[in-house]
Amino acid sequence: MSDFDAIIVGAGAGGGVAAAVLAEAGLKILVLERGKALSFADEARDPLRTHRNSLYGHNTGPALEGNPRVLVEADGEEKILKPHQGGYQNNASAVGGGTFVYGGHAWRFHPDDFRMASRYGIPKDSSLADWPIRYADLEAGYERAEWEIGVAGDAQTHKFMPRRAKALPMPALPDNPQRQSLSKGAAALGWDWGPVPMLINTKEYLGRPVCEQCGYCVGFACPNGSRAGTHNTVIPRAMATGRCTLLTQVTVSKVLLEAGKAVGVEFFDENGSLQTARARQILLCAGAIETARLLLLSAWDKEPKGIGNNSDHVGRHLQGHYYAGAFGLTESNQFDGKGPGISIATTQFNHGNPGIVGGGMLANEFCGPALLHRAATWPPDLKRWGLDAKRYMREGRKRALHVHGPVQEIPSPDCRVALDHKVKDRFGLPVARLSGSLHPETLRVAAFMQDRAEEWLRASGAKQTWQRQIWTGLSAGQHQAGTCRMGNDPEASVCDAWGRVHGHENLHIADASLHVTNGGFNPVLTIMAMAFRIAGHLAKN
Ligand SMILES: Cc1cc2nc3c(=O)[nH]c(=O)nc-3n(C[C@H](O)[C@H](O)[C@H](O)COP(=O)(O)OP(=O)(O)OC[C@H]3O[C@@H](n4cnc5c(N)ncnc54)[C@H](O)[C@@H]3O)c2cc1C
């Protein structure tokens with residue numbers, strides 16, 4: 001455990017990409033992942049235990065016992081939560097991380113997403129800031145992610161998005177009744193629309209088959225591997241070099257320093273024994289909450305509040321995506337039972353909305369099992385039992401339309417990951433303590449986007465429409481980001497423009513923690529593009 005060029009903590013979206021880049025550059029690397037290497041066969045396809053409906057649990061780690069977090073509510077009440085409970089802000093823990101069960105939206109961020117403060121000014125009490133890099137700096141990384149992980153779509157149809165230098169490797173997913181209805185609605189309103197870029201094979205690609213449209217997509221493992229995550233693309237590539245050692249079910253608990261220099265990590269192995277590993281470079285890719293927690297857990301004499309935290313930014317600016325949207329019932333059949341079902345999006349409102357800071361993207365929802373429809377798409381005036389409920393389950397599902405999308409959040413320094421010294425995990429370590437609530441500007445954008453969603457549904461033939469419920473609490477969850485923000489000024493950020501923790505030449509981060517803002521789009525392609533950029537830079541130097 002002492003002869004590695006680099007250690008990567010976390011084999012998710014960022015960690016998986018970094019593993020391939022470094023191993024293929026000839027480096028000997030160790031990847032430490034606290035989840036298991038799961039396959040489709042490990043999953044029961046139980047719609048009550050998925051990352052979209054986790055009533056009784058979920059289908060990846062972390063285990064429900066021994067991994068609590070504390071949530072501080074707006075009124076000060078503290079809740080100790082298990083990973084499947086609301087407010088825990090979970091993402092999937094497994095080889096592949098979130099990408100093992102994600103839906104596969106593969107959006108590039110808009111160029112203005114990288115310069116929100118310059119474009120809109122800084123709203124009061126917010127920490128809105130520009131990234132230290134621009135869209136152009138990530139173009140090569142985006143292109144690598146699109147081609148090396150595998151994205152399907154017709155990129156040039158969204159007129160508000162920049163043109164790609166190179167087309168996507170696969171055509172868009174097939175048409176379906178929802179796209180037919182919603183495209184007519186968008187055209188009637190004069191809105192731009194196009195397909196959703198997806199990390200799903202629409203032709204045989206990179207040795208993986210075409211999607212068989214089973215309909216169990218977001219939240220579930222993919223049965224034939226046609227949905228691309230890091231677990232079935234870049235991580236196998238890293239392993240194929242013979243230079244990558246992947247240990248699963250191991251939890252990193254500390255970054256080890258000698259004379260202030262990162263020299264390795266401490267981790268608990270599968271049996272709960274404490275081990276150490278050493279390397280010349282340490283790369284943290286444990287996701288926005290756990291990467292911040294690791295830096296905080298690694299406090300030492302000269303950084304008593306945590307590594308990289310002398311300016312008090314580690315763990316702050318925690319954000320995710322407010323999901324704005326609406327539901328509608330039409331008189332015609334919108335449901336063909338074929339996955340992934342998602343087929344149309346508009347980027348009309350990502351920027352340029354009068355009086356609004358930013359905006360967001362809207363797309364139709366994935367096709368899913370009936371129980372998810374029951375959980376999500378339920379008219380507000382309908383009882384959940386009795387004959388009408390049965391009729392709605394039988395007929396409403398076919399006639400329902402649901403459009404929603406990520407709203408660009410306005411970050412706040414008070415949305416935060418800290419350590420809770422009273423509540424400990426199964427290794428006796430302080431757990432993540434989450435606090436804060438959505439910035440009022442985020443709620444204004446959300447209300448604007450909810451209205452646009454309802455407008456789109458009505459123009460598409462919906463006779464009855466209703467909006468998603470408004471929430472104001474902390475946002476992080478599956479799109480968690482921002483806790484170790486990049487910046488050129490060490491006083492205002494945690495990492496530099498290459499993901500290097502300020503003051504630590506050989507300690508880097510390559511996950512969603514780096515995002516200064518989280519875009520008005522699903523974040524994973526940006527996380528992958530950043531990991532290509534950061535790991536490529538490391539390998540070169
Ligand atoms: C159901 C679902 C649907 C989603 N759909 C989409 C989508 O359609 N499009 C999109 O853009 N995004 C989507 N996402 C979000 C996307 O998956 C995440 O944004 C992305 O995976 C985050 O990447 P990351 O590298 O920051 O962290 P992760 O991918 O979460 O990887 C972090 C890894 O680190 C491991 N880890 C954590 N702590 C430790 C530790 N102490 N020691 C060792 N290992 C550790 C974790 O187990 C995990 O595997 C979805 C997520 C889920 C769960």
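In H3, Asp137, Leu138, Gly141, Tyr142, Arg144, Ala145, Glu146, Glu148 and Ile149 meet Leu525, Thr526, Met528, Ala529, Met530, Phe532 and Arg533 of H10; contact here means heavy atoms within 4.5 Å.

This is a predicted model, in which local features need pLDDT of at least 70 and side-chain atom pairs pLDDT 80 or more, while totals for chains, interfaces and linings use all residues. Residues are numbered from 1 along each chain as its sequence is written, and side-chain values use heavy atoms, leaving out hydrogens and water.

Now look along the two helices. H3 (residues 135–150) packs against H10 at an angle of about 110°, and their axes are 8 Å apart. H3 is therefore roughly perpendicular to H10, a term for angles of 65 to 115 degrees. Color the contact residues by class: 9 are nonpolar, 2 polar and 5 charged.

Which of the 38 residues come nearest? They are Gly14, Glu33, Ser93, His105 and Val524. By class, this shell has 16 nonpolar, 18 polar and 4 charged residues.

Then show the polar contacts (pairs of N or O atoms within 3.5 Å). A backbone N or O atom of Val524 is 2.7 Å from a ligand oxygen. At Val252, a backbone N or O atom lies 3.0 Å from a ligand nitrogen. Finally, select helix H1 (13–24), strand S6 (251–258) and helix H10 (524–540), the elements that each give two or more residues to the ligand's shell.

Notes. Near = heavy atom within 4 Å. Polar contact = N/O pair within 3.5 Å; in protein donor to acceptor, adjacent residues only side chain to side chain. Helix = DSSP H or I, 4+ residues; strand = E, 2+ residues; numbered from the N terminus. Nonpolar A, V, L, I, M, F, W, Y, C, P; charged D, E, K, R; others polar. Axes fitted to C-alpha atoms, helices over the stretch in contact; angles between N-to-C directions. Parallel < 35°, antiparallel > 145°, perpendicular 65-115°, else oblique.
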